[in-house]
Amino acid sequence: MDFLAQRGALEWLTRRLAYLGFASLVAICLVTLYDGLARYFGLPRVPGFRDFGEVIFAVLIASAFPVGLLRNQNITITFLGAAIGGKGRGLLNLFSALATLLAFALLAYAMFDRYEGLGQRTTRTGFMLVAPWAFAATLIMASAVVVQLWVFFARINELASGSTLVDDHAGVTEGGLEEGLGEADTDTLRDTFLTHEHDTRDRR
């Protein structure tokens, strides 16, 4: 399987994981709304809701990392790479991918070490075990490491072949306007933005 096919498979999986996390977050918001109204109007409360909120958010937050890494939407400073261009930019991208890989590997290891030490620890009221939820968050973080490992090898392939395998979501197209646009289109957008900014300053 080539890199593009691998990326397609990873995109499908990570997007659905993110959708699941987002849908779960919306569900928690709705349950929170009901629980607050129930307390105000004297209706039956949601049993163990506070305990559930104590353990679920780590899982929901972790679910957004894999797709963010695959799409290169983590915070990145690109002015040096843009100024150098060519192989220099590719080397900086490779270094960035390696640094991000090491950071997430350390984070996943720390979470795994923490999970192993939980034992039979429960939430504050003793309603739920913490370990299963910590394991789920750790497993998702481990999948983020796998995704970033793919990004690292994709960056190596980019250096060798000159192709583009990892999207660079940054700069003027940060809001998602780059979807469906080629490199020439994004360059035009960037030039238009800079020209408009320059004209605005001249009027002042």
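User: Which residues does Asn157 touch, not counting residues up to four places away in sequence?

Analyst: Contact means heavy atoms within 4.5 Å, and by that rule Asn157 touches Phe3, Gly162, Ser163 and Leu165. This is a predicted model, in which local features need pLDDT of at least 70 and side-chain atom pairs count only at pLDDT 80 or more, while totals for chains, interfaces and linings use all residues. Residues are numbered from 1 along each chain as its sequence is written, and side-chain values use heavy atoms, with hydrogens and water left out.

User: Where does Asn157 lie, and what separates the C-alpha atoms of Asn157 and Phe3?

Analyst: Helices are DSSP runs (H or I, at least four residues), numbered from the N terminus, and Asn157 belongs to helix H6, residues 131–161. The C-alpha atoms of Asn157 and Phe3 are separated by 8.8 Å, although these residues are 154 apart along the chain.

User: How are the axes of H1 and H6 arranged?

Analyst: Axes are lines fitted to C-alpha atoms, for helices over the stretch in contact, and angles run from 0 to 180 degrees between N-to-C directions. Those of H1 and H6 come within 12 Å and cross at roughly 155°; because angles over 145 degrees count as roughly antiparallel, the two helices are described that way. Phe3, Gln6 and Arg7 are among the H1 residues making the contact, and Trp150, Phe153 and Asn157 are among those of H6. By class, this contact has eight nonpolar residues (Ala, Val, Leu, Ile, Met, Phe, Trp, Tyr, Cys and Pro count as such), one charged (Asp, Glu, Lys or Arg) and four polar (the others, Gly among them).

Notes:
Angles under 35 degrees count as roughly parallel, over 145 as roughly antiparallel, 65 to 115 as roughly perpendicular and the rest as oblique.
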